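Keep the structure open while reading.

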Number of protein chains: 2
Amino acid sequence: MYRIGVDIGGTNIALGLLDEELELKDSSSIPFQRGGERVAARIAEQVRLMLEKAGAGVEDLSCIGVAVPGSIDPAGETVIHAYNLDFHNEPLRMRIQAFFPGVPVALANDADAAVLAELYKGALQGCKTAGLYTLGTGIGGGFIIGGRLFRGGRGNGIEPGHVVLVDGGEMCTCGLAGCVESYCSATALIRQAGRAMTAHPESLLHQKTAGNPASMTAKLAIDCAKAGDETALTVFRTYVGYLGSAIASVMNMLDMEVVAIGGGVSGAGDFLFEPLRLDVDAKCFFKNHGSVVPAQMGNAAGIVGAAMLYHNACNG
Amino acid sequence: MYRIGVDIGGTNIALGLLDEELELKDSSSIPFQRGGERVAARIAEQVRLMLEKAGAGVEDLSCIGVAVPGSIDPAGETVIHAYNLDFHNEPLRMRIQAFFPGVPVALANDADAAVLAELYKGALQGCKTAGLYTLGTGIGGGFIIGGRLFRGGRGNGIEPGHVVLVDGGEMCTCGLAGCVESYCSATALIRQAGRAMTAHPESLLHQKTAGNPASMTAKLAIDCAKAGDETALTVFRTYVGYLGSAIASVMNMLDMEVVAIGGGVSGAGDFLFEPLRLDVDAKCFFKNHGSVVPAQMGNAAGIVGAAMLYHNACNG
């Protein structure tokens with residue numbers, strides 16, 4: 001039997017044909033074009049092509065999972081909003097289901113899919129209680145509780161990035177002041193580095209950006225810190241302290257086995273993880289707290305996680 | 001059938017005989033005296049007396065639950081530390097079990113018992129995902145996830161009070177700076193009111209404490225705010241803001257159905273809950289977030305929750 005994972009983005013739709021061990025047997029990518037009906041029809045076409053290529057048929061499919069960058073209704077039927085896709089109250093699950101009668105089709109948010117990918121194939125394998133924080137423009141991710149994706153007590157999903165870290169601090173895009181996202185996202189690191197650069201014209205940070213905060217990137221901030229620039233190092237250490245506080249908090253709150261960190265910032269590798277682990281260790285209430293590790297699934301997270309959506313919904 | 005709930009405190013041991021609907025049919029209290037063997041023997045004696053009085057026997061007991069103010073091993077066998085009781089690696093469950101062969105005996109932390117009391121008889125009835133925060137000297141309480149007591153992913157239990165609220169802020173007793181406990185406990189309110197009193201000799205707060213911070217209590221701070229004292233009102237509003245941030249954070253993190261607030265501070269009633277609900281509402285990510293309510297079980301929480309320990313451990 002095969003599984004299909006579909007990862008819909010604002011530029012491309014990525015599809016994967018996986019076996020039951022979640023090995024990717026084939027993949028394809030098509031440009032995203034607007035409209036729910038069109039998206040469903042083009043996904044169906046690609047699925048049939050991949051099956052054909054594998055010498056298989058629809059009867060060999062155990063499920064199709066679809067990940068979308070947007071909010072999904074609790075029943076998993078409708079994309080409430082996916083602004084990058086211009087989807088609003090789009091009944092996408094049923095549209096795809098219509099092409100594949102008898103095959104379970106599941107729909108979820110791409111952050112949820114990423115958590116499942118880490119659970120079944122990546123850094124959170126075997127965990128009953130764990131978290132994924134994806135540090136990018138915002139903070140994505142989610143939690144595993146009881147060995148399954150935790151979708152929130154009221155079906156709203158969860159927002160681990162919108163938890164207060166510095167009450168009354170930096171304004172967050174959500175309207176709350178001092179969220180984890182406004183201190184620990186890549187965007188936050190860029191802002192912190194931009195300010196320090198402006199205040200320190202002698203710094204390597206300043207030199208590399210020609211004094212223009214708009215040229216700042218998270219990678220540049222990290223590279224300057226790695227190069228030993230004092231200004232960049234101070235920024236980076238402060239950032240690690242914020243992130244350590246956020247992770248220690250969730251360790252204390254849920255006694256997690258593992259917290260995985262993904263997204264661009266996690267590409268800093270040991271330069272991030274070594275001081276981060278020391279910081280978390282110093283701040284955790286429980287001396288035998290869980291571990292902090294890099295996420296493993298990268299770009300494949302959407303496809304692999306989507307392929308496990310139906311499984312996760314059905315199995316304890 | 002009857003259940004027995006036992007709530008061991010440093011001064012008294014409270015016992016209750018409950019029916020299957022968790023109605024308290026009889027209760028008793030004996031002074032606490034040190035020593036695990038003695039405690040177990042005296043509990044057994046009281047249980048037999050209560051059963052006799054009710055015209056019942058050991059065969060009519062469905063379970064015995066024991067709540068202890070200390071840390072319990074994940075297996076629920078041993079009190080690792082209960083400093084007020086001078087219990088250290090005390091195998092209390094087995095000692096009590098020895099008196100009642102065939103009757104399930106369960107042991108847990110008193111904060112866990114309080115959560116179960118609210119779940120089965122109080123403010124969290126019917127909830128699948130909910131929290132209890134008890135605002136006292138520290139912050140106790142815990143979470144219901146999946147309709148059952150959540151004991152932490154690694155069996156450490158959880159510490160919702162030791163979650164960062166103001167990174168780098170007030171030092172907490174746990175060694176972490178800026179915990180929820182160091183801003184939202186009764187102790188924190190007392191500290192905040194004491195500082196404001198010292199800075200405002202013209203205030204009612206100052207008058208009522210004769211300028212002595214050691215005379216400050218949470219009730220006094222709240223009473224002065226209720227009386228319209230500007231200094232006390234400023235303290236109270238700031239405190240409500242901290243508490244609102246802590247509750248909004250856990251709502252955003254777990255999408256809780258209900259967060260119940262107990263402990264002395266919650267005795268302020270609507271004077272606390274009305275502004276607190278407005279604050280939480282303004283800060284929650286999800287517009288249809290859960291509710292914030294007073295805890296209901298008060299002093300009975302230990303006995304009632306203890307009586308449900310075995311049930312919660314066995315039933316989904």
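A salt bridge is a side-chain nitrogen of Lys or Arg within 4 Å of a carboxyl oxygen of Asp or Glu. The model is a predicted one.

**The interface**

Polar contacts do occur there: 24 residue pairs are in polar contact between chain B and chain A, with both residues at pLDDT 80 or more. On the side of chain B that touches chain A, the elements that give two or more residues are β10 (139-145) and α8 (230-254) of chain B. Helix α8(B) supplies the largest share of that side, eight residues. Sorted by class, the side of chain B that touches chain A has 19 nonpolar, 14 polar and seven charged residues.

The size of an interface is often given as the accessible area lost when the parts come together. Between chain B and chain A the buried area is about 3,400 Å², and carbon and sulfur atoms give 60% of it. Within chain B, the residues that lose the most area to chain A are R154(B), D167(B) and M253(B), which together account for 21% of what that side buries. In residue terms, 40 residues from chain B and 40 residues from chain A take part in the contact.

**Strand β9 of chain B**

Is strand β9 (residues 130-135) of chain B largely enclosed or open? Five of its six residues are buried, so the strand is largely enclosed by the rest of the structure. Here a residue counts as buried when its relative accessible area is under 20%.

Strand β9(B) pairs with two strands named here. With β10(B) it runs antiparallel, joined by six bridges. A hairpin of three residues connects β9(B) to β10(B), and L132(B) has G142(B) in β10(B) as its bridge partner. With strand β12 (residues 258-262) of chain B, β9(B) pairs in the parallel sense over five bridges. T134(B) stands opposite G262(B) in β12(B).

Over all chains, the structure holds 24 salt bridges.

| Salt bridge | Closest N and O atoms |
|---|---|
| R93(A) with E77(A) | 2.8 Å |
| D112(A) with R151(A) | 4.0 Å |
| R191(A) with E170(A) | 3.5 Å |

R93(A) forms its salt bridge with E77(A). R93(A) lies in helix α2 (residues 92-97) of chain A and E77(A) in the loop between β5 (71-72) and β6 (79-82) of chain A, so this pair ties together parts that are 16 residues apart in sequence. R93(A) is buried, at a relative accessible area of 12%, whereas E77(A) is partly exposed at 25%.

D112(A) forms its salt bridge with R151(A). This pair links distant parts of the chain, 39 residues apart: D112(A) is in helix α3 (residues 110-121) of chain A, and R151(A) is in the loop between β11 (148-149) and α4 (181-184) of chain A. D112(A) is buried, with a relative accessible area of 18%, while R151(A) is partly exposed at 36%.

R191(A) forms its salt bridge with E170(A). Because R191(A) is in helix α5 (residues 186-199) of chain A and E170(A) is in the loop between β11 and α4 of chain A, the pair ties together parts that are 21 residues apart in sequence. R191(A) is partly exposed, with a relative accessible area of 25%. Elsewhere, E37(A), E90(A) and R95(A) are joined into one network by salt bridges that share partners.

Conventions. Residues numbered from 1 in each chain as written. Chains lettered and ligands numbered in written order. Predicted model: local features only at pLDDT ≥ 70, side-chain atom pairs only at ≥ 80, totals over all residues. Heavy atoms only, no water. Contact = heavy atoms within 4.5 Å. Buried area = accessible area lost by both parts, 1.4 Å probe. Polar contact = N/O pair within 3.5 Å; in protein donor to acceptor, adjacent residues only side chain to side chain. Helix = DSSP H or I, 4+ residues; strand = E, 2+ residues; numbered from the N terminus. Nonpolar A, V, L, I, M, F, W, Y, C, P; charged D, E, K, R; others polar. Buried < 20%, exposed > 50% of the residue type's maximum accessible area, 1.4 Å probe, protein only. Pairing = 2+ DSSP bridges.
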